[in-house]
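Biologist: I would like to learn how to read cavities and helix packing in a model. Could you walk me through it?

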Number of protein chains: 2
Amino acid sequence: MKNVPVIDQIIDLAQSLIQTRGYNAMSYRDLADQIGIKTSSIHYYFPAKEDLGRAVMAHYRQGIRSALAGIDAKTPDPRVKIERYVGLFRETVQSGCICLGGMLATDFTTLPQGVQTEVRNFFAENEAWLANVLETGRTSGAFMFEGSSAVKASAVFAALEGAMIAARLFNDDKRLVSAADWMLDTLSAPR
Amino acid sequence: MKNVPVIDQIIDLAQSLIQTRGYNAMSYRDLADQIGIKTSSIHYYFPAKEDLGRAVMAHYRQGIRSALAGIDAKTPDPRVKIERYVGLFRETVQSGCICLGGMLATDFTTLPQGVQTEVRNFFAENEAWLANVLETGRTSGAFMFEGSSAVKASAVFAALEGAMIAARLFNDDKRLVSAADWMLDTLSAPR
DNA sequence: GACAATCTACCTACTGGTAGGTAACATTCG
DNA sequence: CGAATGTTACCTACCAGTAGGTAGATTGTC
């Protein structure tokens with residue numbers, strides 16, 4: 001029975017609500033009722049919804065960043081790195097969610113500016129990591145593809161996001177797995 | 001100056017608002033104000049929001065269906081079929097929108113049941129068409145891939161949806177093009 | 001007159017947000 | 001030491017605006 005600070009409860013629940021329902025379908029009342037506080041208490045920590053949105057996205061980015069650092073630390077093989085990366089997505093989809101970044105990317109036009117920036121940075125950060133893994137893999141001979149690794153990375157990331165959305169839509173995480181397998185296959189196999 | 005029936009104006013505008021802002025950020029008031037009628041007039045045609053949602057999705061599906069029929073009629077080459085198909089997506093993203101199906105797939109958990117069904121059907125329909133093109137192409141030797149064409153089709157469709165979302169996020173439709181080029185390349189090239 | 005289409009007028013529930021209060025605890029200072 | 005003064009973390013009680021939705025009157029057309 002840990003005594004989790006209210007502010008962390010708010011961020012965690014807000015993240016999960018946004019991931020499952022979207023930014024506009026997450027309200028201060030939802031949060032307050034489920035945590036057992038009043039909406040004004042949430043305003044105490046996050047005066048405007050934009051502040052909460054930014055905090056949630058920043059927290060999410062931090063989580064991904066340390067997950068990626070963990071992968072980099074434990075896994076030298078680029079192929080395995082991508083596999084572990086896909087594993088992160090699979091965990092999310094197995095809990096009935098889609099990626100927070102993907103969700104907010106579709107809500108994009110309705111987001112406050114500060115949150116929009118966070119979302120773009122999230123995409124950029126993931127793509128940069130992927131581009132690096134792809135480029136390293138190509139140099140080492142593990143991967144084989146033509147053209148810019150940055151462009152390929154953005155295609156890979158977008159494909160994974162799309163596969164997540166479809167996987168949740170049909171409640172079938174094999175959709176994510178098969179999409180990932182296909183990509184890994186075309187990237188690595190000189191047939 | 002065509003005299004467009006009000007009901008069609010409602011459907012068209014609702015579609016465009018959902019595509020740009022999402023289901024929950026589209027309101028009867030938005031529609032009424034922009035068309036120049038009262039919200040109660042919309043309720044006359046669509047008593048509940050679910051009715052409107054279903055009508056919009058059904059209309060959208062019909063549009064896609066005839067577009068696909070057009071491609072089938074004019075284009076025998078499977079490769080070119082896919083290229084034209086991607087062209088449909090590019091048009092959408094160039095007008096600052098994402099695919100209605102992709103948008104509603106992320107809003108999925110907040111949708112009324114009738115709309116949810118339409119969204120799943122939309123995905124299934126696109127994937128079925130793609131699977132057919134892929135399978136035909138493989139038989140004719142135009143494409144080359146292993147495994148089920150249905151599985152490959154769902155991966156292709158999801159990748160395109162994801163690429164659209166990213167393309168709008170960065171206001172850069174090259175992201176869609178390069179993702180599509182990559183897929184076509186891996187599907188067709190025996191290297 | 002019948003009917004379709006549109007209006008006015010209203011409802012309840014919920015939205016993000018504000019103002020001001022209060023109990024508990026910590027800090028400062030005579 | 002103990003009283004005064006913050007500060008923190010909530011609360012109650014609002015607010016204007018918006019959500020989807022309803023009832024019933026009005027208008028125009030065949």
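What follows is a talk about cavities and packed helices.

Modeller: Happy to! Keep in mind that this is a predicted model.

Biologist: Which residues line the largest cavity?

Modeller: From chain A, the lining includes A:Ala155, A:Ala159, A:Ala179, A:Trp182, A:Met183 and A:Thr186. Chain B contributes B:Ala155, B:Ala159, B:Ala179, B:Trp182, B:Met183 and B:Thr186. Two or more lining residues come from each of these elements: helix H8 (149-169) and helix H9 (174-188) of chain A, and helix H8 (149-169) and helix H9 (174-188) of chain B.

Biologist: Now the helices, please. How do I read a packed pair?

Modeller: Two packed helices are described by the angle between their axes and the distance between the axes. Take H9(A) and H9(B): their axes come within 11 Å and cross at roughly 70°. That angle makes H9(A) roughly perpendicular to H9(B).

Biologist: Which residues make the contact of H9(A) and H9(B)?

Modeller: On H9(A) they are A:Trp182, A:Met183, A:Thr186 and A:Leu187, and on H9(B) they are B:Trp182, B:Met183, B:Thr186 and B:Leu187. By class, this contact has six nonpolar, two polar and no charged residues.

Biologist: What about H8(B) and H9(B), at what angle do they pack?

Modeller: Their angle is about 160°, with the axes 8 Å apart. H8(B) and H9(B) are therefore roughly antiparallel to each other, and H8(B) passes H9(B) in a right-handed crossing. Among the residues that meet are B:Val156, B:Ala159 and B:Leu160 in H8(B), with B:Leu176, B:Ala179 and B:Met183 in H9(B). The classes here are 12 nonpolar, no polar and two charged.

Biologist: One more pair: how do H4(B) and H5(B) cross?

Modeller: Helix H4 (residues 49-74) and helix H5 (residues 78-94) of chain B have axes that come within 10 Å and cross at roughly 150°. So H4(B) and H5(B) are roughly antiparallel to each other, and H4(B) passes H5(B) in a right-handed crossing. The contact is made by B:Ala67, B:Leu68, B:Ile71, B:Asp72 and B:Lys74 of H4(B), and by B:Lys81, B:Arg84, B:Tyr85 and B:Leu88 of H5(B). Sorted by class, that contact has five nonpolar, no polar and four charged residues.

Methods. Residues numbered from 1 in each chain as written. Chains lettered and ligands numbered in written order. Predicted model: local features only at pLDDT ≥ 70, side-chain atom pairs only at ≥ 80, totals over all residues. Heavy atoms only, no water. 1 Å grid on protein atoms, 1.4 Å probe; cavity = no way out; pocket = protein on both sides within 12 Å on 5 of 7 lines; lining within 4 Å. Helix = DSSP H or I, 4+ residues; strand = E, 2+ residues; numbered from the N terminus. Axes fitted to C-alpha atoms, helices over the stretch in contact; angles between N-to-C directions. Parallel < 35°, antiparallel > 145°, perpendicular 65-115°, else oblique. Left-handed = near helix turned anticlockwise from the far one by under 90°. Contact = heavy atoms within 4.5 Å. Nonpolar A, V, L, I, M, F, W, Y, C, P; charged D, E, K, R; others polar.
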